[in-house]
Amino acid sequence: MITDNDEDLYEGFDKINSKLEVEEFVNDTGFQNVLDRGLNTSVVRGSIGRVPTSGNFRLVTASGLAGGDFGRPMTSVRAAGYSSMGRRLSTGNQGWLDGQTVPATVDVSAVPPLESKPEDSSEERIKNMEKKVNHLIEESCVAACQAEITLALEKAKEASRKERVLARQREQLGVSDQINLDLTYSVLFNLANRYTANGMYQEALNTYQAIVRNKMFAHAGRLKVNMGNIYYIQKNYSKAIKFFRMGLDQVPNTHKLMRIKIMQNIGISFVKLGQFSEAITAFEHIMQEEPDTKTGFNLIVCYFIKGDRNKMKYAFQQLLRVDLHLDDEDRYLQHNDDKQYDLILEVIQNDELRQYEKKKKVQAENFIKLAAKIISPVIESNFSIGYDWCIDQVKMSSYHEIAHDLEIDKAVMFLKQKDFHQAIVTLKSFERKDTRVACTAATNLSFLYFLEGDLLQAEKYADQALSVDRYNPAALVNKGNVFYKQQQYEKARDCYLEALQDDTQCVEALYNLGLVCKQLERYEEALEAFFKLHSVLRNSAPVVYQLMDIYEKLGDPTQAQEWAMQLHGMVPTDPFLLQRLGDSYEQEGDKSQAFSYYYDSFKYYPCNFDVIEWLGAYYIESQFCEKAVAYFERASLMQPNQIKWQLMIASCHRRSGNYQQALETYRIIHRRFPENIECLQFLVRLSSDMDLPEAQDYIAKLKRAEKLKQAREQRRLSSSESRESSANYDNHFNVQSKHAHSKNNSFRQTEVRKETSLSRDIDNEYIKYNDPLGPSVERPRTAARTRPIQDDFADEEVDENLLPD
């Protein structure tokens, strides 16, 4: 038992206050060596080589400083390898020794840090390489998400190379049993996906095979579905079905949704192969397990191909019974009495989930409407009765809201069959129904009447649609079209601009705006409209044509030619575009390039008379009259009553030196057209040059034809003048009579002089005429004697290039 008189064990320790001199520690080499070694020795030597006693050296604990100048005596129980003095001396550049401060100039080292493992060790290298491979996989996935498929493939390949190097290093170190299978699987799977995205299907299949054949990957067999997808893309549907089924066997029944998706792929593959019975089996299984609108629609299509009416009706009813698992629409209605709910509603009424629900509902409605269009003509005697059955079924289902849309589609079907009366009757039945349907019906009626040319009714129903919905872009476009037909271009432009304000993506309004600006000669505004439309419809040939035409109107042939070449790339077989390109090159003086385009135009459309005439003239100019004959003969077959082609054929024969054939051709023409003066002129010349006895006969006929022509012109002029005088009789009778009389007298005098001159010219066998194909080649003089008659055509200018060699 301890009493108050018991002896204190620590009595006398703090009575001696022996402070050590700081200078002694600084100059003591042994003490400094101990500090350098971290106080790992229990003996501290003094400057004279003896062990210091408690009289001149005493170790203190951490609590010794907090209590004052006297430190707490150290007991025999302390942590091995540590010293309270060492900790105090290692704090910065100054330390504490028994209440004394070590100056900052003293080099007191802290306890050395723990030794780190060398970085070049095998384990560290392996870990660093694994980190690099994982980093490359992440970069590849990020690049793929950003649609940089080439960069993603390069990163995936680099990750695959580093992973193989890593595997070899493990084998060399004898730690192959520590291979990271998850890393290998990730590398191969990512590489196969990147190959697929880049269209390198064979490489992707090889990579998937490497994964599937490795028995160490437990669930790799499911990747056979991915292989089946690749075979489907390659249109190898038999192999695709095989791998889909192999993948389906690997998926457990607990993954119901995954099995349903694989069954959908199998059914669609059977459809591609034309094996509709097997496809029906797959789709029916899906509709029993987990029905959805897409599978229901595919099933209807298969029944339609098989021609089973009853099954089509049953499948349509199944499609209407599909539950979309969507929230009630009342959930998104505002509650005026609950402000907190209204705040929540503002957040959720247009969030991503709400957008997904809307998209899913619209997709289901589109499937139903499309299915009704497909089966309505075949399930009943005519499509009208079939549509009525579909509409009745829809009205009894949860999709009753689209029943009116089906009736609109029914009216459109009448339009496609050109049954305008039934279409109008069907659309007019919506006039007294709800506003949305009435607006749609009025818009369609306006377009229908516009197609029929009834602009008043078209404008009436366009106004009716706008009265229901002032911001209906389709109705505004219809009204603008009416104004365009009425040539009220400013009003039409205002309608198109208003439609674009309501719907910036309304391509009809944008295209018509460009057209109306062309009519108003506002070419810059038209260019702006068509350039906007071109950014939306990059491959639209009509838009490119309008841009080309506007640049031609602006007088910019360079830009027009550039857009024409772009249009030629879109429609390389358009004959009129080829003709236009040929004409532009002809204006530039490039005859060979122009001939190439004209020839292609004739090849695609050999009935264009302008092209035929140009090609014939080109061959005549190139001294190949025989080739020109073939084109003119084709034109004469298409227009047998057009004398122009016959005259061109005869002229080609004459230019080529075949005068006998030319004379026969002119005779044939004269028999069919005996009053043609031009043909008679050529007959007179040829028969005179060939010393034929019928020359005088042709001269007489030419004289009669000239007189008949003059008489006809005189009667025509007299009749036209009499009509003019009758129209102005009330106001200018006297003046007009004198003018007409003097004019007729002068005209008769002129005609008499012309007739006298013509008679004199014919008597002298001097005939003047104009060849439609230009001057002819001079006939070579082969006769042995000189003709006594005078050359009637001595003053005709003949191009030297047309002379024979």
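Guide: A residue is called buried when its relative accessible area is under 20%, exposed when that area is over 50%, and partly exposed in between. Please keep in mind that this is a predicted model.

Visitor: Thanks! What makes Cys 517 buried or exposed?

Guide: Cys 517 has a relative accessible area of 0%. The cut-off for buried is under 20%, so Cys 517 is buried.

Visitor: And how do you know whether Cys 652 is bonded to another cysteine?

Guide: The closest cysteine sulfur to that of Cys 652 belongs to Cys 625, at 5.4 Å. A disulfide needs two cysteine sulfur atoms within 2.5 Å, so this pair is too far apart for a bond. Cys 652 is also buried, because its relative accessibility is 1%. A search through the whole structure turns up zero disulfides.

Visitor: Let's turn to charges. Why is the contact of Glu 357 with Arg 354 called a salt bridge?

Guide: The N to O distance between these two side chains is 3.6 Å. The definition asks for a Lys or Arg side-chain nitrogen within 4 Å of a carboxyl oxygen of Asp or Glu, so Glu 357 and Arg 354 form a salt bridge. The two residues are three apart in helix α16 (residues 352–379), which means about one helical turn separates them.

Visitor: What makes Glu 357 and Arg 354 buried or exposed?

Guide: Glu 357 has a relative accessible area of 7%, and for Arg 354 the value is 10%. Buried means under 20%, so Glu 357 is buried and Arg 354 is buried.

Visitor: How do you know that Lys 701 and Asp 697 form a salt bridge?

Guide: Their closest N and O atoms are 3.8 Å apart, and the limit is within 4 Å, so the pair qualifies. Lys 701 and Asp 697 sit four residues apart in helix α35 (residues 695–727), about one helical turn. Lys 701, at 26%, is partly exposed, and so is Asp 697, at 40%. Elsewhere, salt bridges with shared partners link Lys 518, Asp 549, Glu 552 and Arg 580 into one network. The structure holds 25 salt bridges.

Visitor: One last stop: why can Arg 164 belong to a positive surface patch?

Guide: Arg 164 has a relative accessible area of 42%. Patch residues need over 30% and no salt bridge, so Arg 164 clears the area cut-off. Arg 164 lies in helix α6 (residues 149–173), and the patch is made up of Lys 157, Arg 161, Arg 164 and Arg 168.

Key. Residues numbered from 1 in each chain as written. Predicted model: local features only at pLDDT ≥ 70, side-chain atom pairs only at ≥ 80, totals over all residues. Heavy atoms only, no water. Patch = residues over 30% accessible without salt bridge, like charges linked within 9 Å, V, L, I, M, F, W, Y side chains within 5 Å. Areas by Shrake-Rupley, 256 points an atom, 1.4 Å probe, with all protein chains shown as cover. Lys, Arg positive; Asp, Glu negative; His and termini not counted. Charge placed at Lys NZ, Arg CZ, Asp CG, Glu CD. Buried < 20%, exposed > 50% of the residue type's maximum accessible area, 1.4 Å probe, protein only.
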